[in-house]
Amino acid sequence: MLLYFFTCLSFILLLKTLSLKSLPSWASQITLVWLPSLKDLTMLPFSMLANFGLSGGRLFQIPYKMTLKKACFNSRVENVEEVDDEMSVLDLPELALECILERLPPRGLFSMAGVCSSLRKKCVSDYLWERHMKQKWGRLIGPAAYRVWKWCTATRSDCKVFKQVNNQRGLIKLLNFLPFTWIKSKLGDSERVFQPKDSIMSWYLSLETGKLWFPAQVYNRENGHVGFMMSCYDAELSYDSRTDTFQARYPPHGRRAVVIESGVEWDRLRTPPVDIHPRDLHISDCLSDLRPGDHIEIQWRRNKEFPYGWWYGVVGHLESCHGSGSYCLCHSSDTVVLQFNQYAPGSRWRQTTVDRRSHKEEGNEAVGFYGGIRKLENEDEISMWKQLWPAEILE
């Protein structure tokens, strides 16, 4: 201990003997900062940026009394000059500030919204968040999901994305890149940040944090259960940002209880192609156009207690037709042959026929009930089904 005391005392005396006369007047006010790259600025509270100076990940010396706008972001210390009138980022022209906010990721916008009331009003605007919503959720969110969100915000107070401090796990998960002390200090302001509650920002965050279960459809449900191969069923989804996957909650089928599947990836999901309830019959509007070789989806359910799923198939030739393109008259017949080639020849699921003029729901308890038909015109939809084709023919 005695040795430690004398060592410290010698160091203090040495410091007192040093003279600062040869240094500039601002030398006693500088703060040294290191950040890896410019993009890390969006990971910090805006109020902390006033003391930081960097360019390309290099170290700068900026007087800590200067605000962000008083600091000249240049690698030469000599170019840093103090001005009498303090400025802030809000003094930027409106167009320049808008361009900056448009380039921020969702995390950066959220961070900016907690700086002050003026920035909060700008950062929560639907205009800024609409682009982020389309980029991440556009292909998965349909009219049904939007109705669920609107109903939730209108009728359920517990649907508010961040209502109370004890309900902030999703917020911390979303902002785990920020210093925890800053997050903690902002939790009390979270409800103000996320107003109005029916904004696109609030909708985005409710999806991102998994608080909103929304309707969509899942290909080859239940991890590719053999009984659901080459089908697409309605489910309620909840996003898990840690794994970038979803939980899928399937409605009960007959006496079967609700089934929940975890780890559902993005490429097995789609928005419902038609905006109807899964138990409603789709009214087919393509029957007169169907020809052999066309790709189709058809509603099918095991019995009347089940909801429909969409099953992939192709239009085939009649038995009386030899399949020759020159002499084929299948398109003029009232009977349409539908083939499901994922099943082995001779299987009762391999083929069915429907009436072109009066088709509604056809079938029985033995083979199930066939409902409405969609003709697939989009190559992306057809390609998706081909990617899901089973490795072996099903019995």
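Modeller: In this predicted model, the contact in question brings Asp126, Trp129, Glu130, His132, Met133, Lys136 and Trp137 of helix H5 against Ile200, Met201, Trp203, Tyr204, Leu207 and Glu208 of helix H10. Sorted by class, the residues in this contact are 8 nonpolar, 1 polar and 4 charged. The two helices, H5 spanning residues 126-137 and H10 spanning residues 200-208, pack at an angle of about 30°, and their axes lie 8 Å apart; the crossing of H5 and H10 is left-handed.

Since Lys122 belongs to helix H4 (residues 117-123) and Glu94 to helix H2 (residues 94-102), the pair ties together parts that are 28 residues apart in sequence. Lys122 is partly exposed, its relative accessible area being 24%. A salt bridge is also formed between Arg242 and Asp240, where the closest N and O atoms are 3.3 Å apart, and Arg242 counts as exposed at 66% relative accessibility.

Glu297 and Arg270 form a salt bridge as well, at 2.8 Å from N to O. This pair links distant parts of the chain, with Glu297 in strand E9 (residues 295-301) and Arg270 in strand E8 (residues 269-270), 27 residues apart. Both Glu297 and Arg270 are buried, and they take part in a network of salt bridges that also includes Arg374 and Glu381.

E4 and E8 pair in the antiparallel sense over 2 bridges, while E4 and strand E5 (residues 231-240) pair in the antiparallel sense over 6 bridges, with Tyr233 of E5 as the bridge partner of Val218. In E4 itself (residues 214-219), 6 of the 6 residues are buried, so the strand is largely enclosed by the rest of the structure. Both of its faces are covered, with Phe214, Ala216 and Val218 buried on one side and Pro215, Gln217 and Tyr219 buried on the other.

How values were computed
Residues numbered from 1 in each chain as written. Predicted model: local features only at pLDDT ≥ 70, side-chain atom pairs only at ≥ 80, totals over all residues. Heavy atoms only, no water. Axes fitted to C-alpha atoms, helices over the stretch in contact; angles between N-to-C directions. Helix = DSSP H or I, 4+ residues; strand = E, 2+ residues; numbered from the N terminus. Left-handed = near helix turned anticlockwise from the far one by under 90°. Contact = heavy atoms within 4.5 Å. Nonpolar A, V, L, I, M, F, W, Y, C, P; charged D, E, K, R; others polar. Buried < 20%, exposed > 50% of the residue type's maximum accessible area, 1.4 Å probe, protein only. Salt bridge = Lys/Arg side-chain N within 4 Å of Asp/Glu carboxyl O. Pairing = 2+ DSSP bridges.
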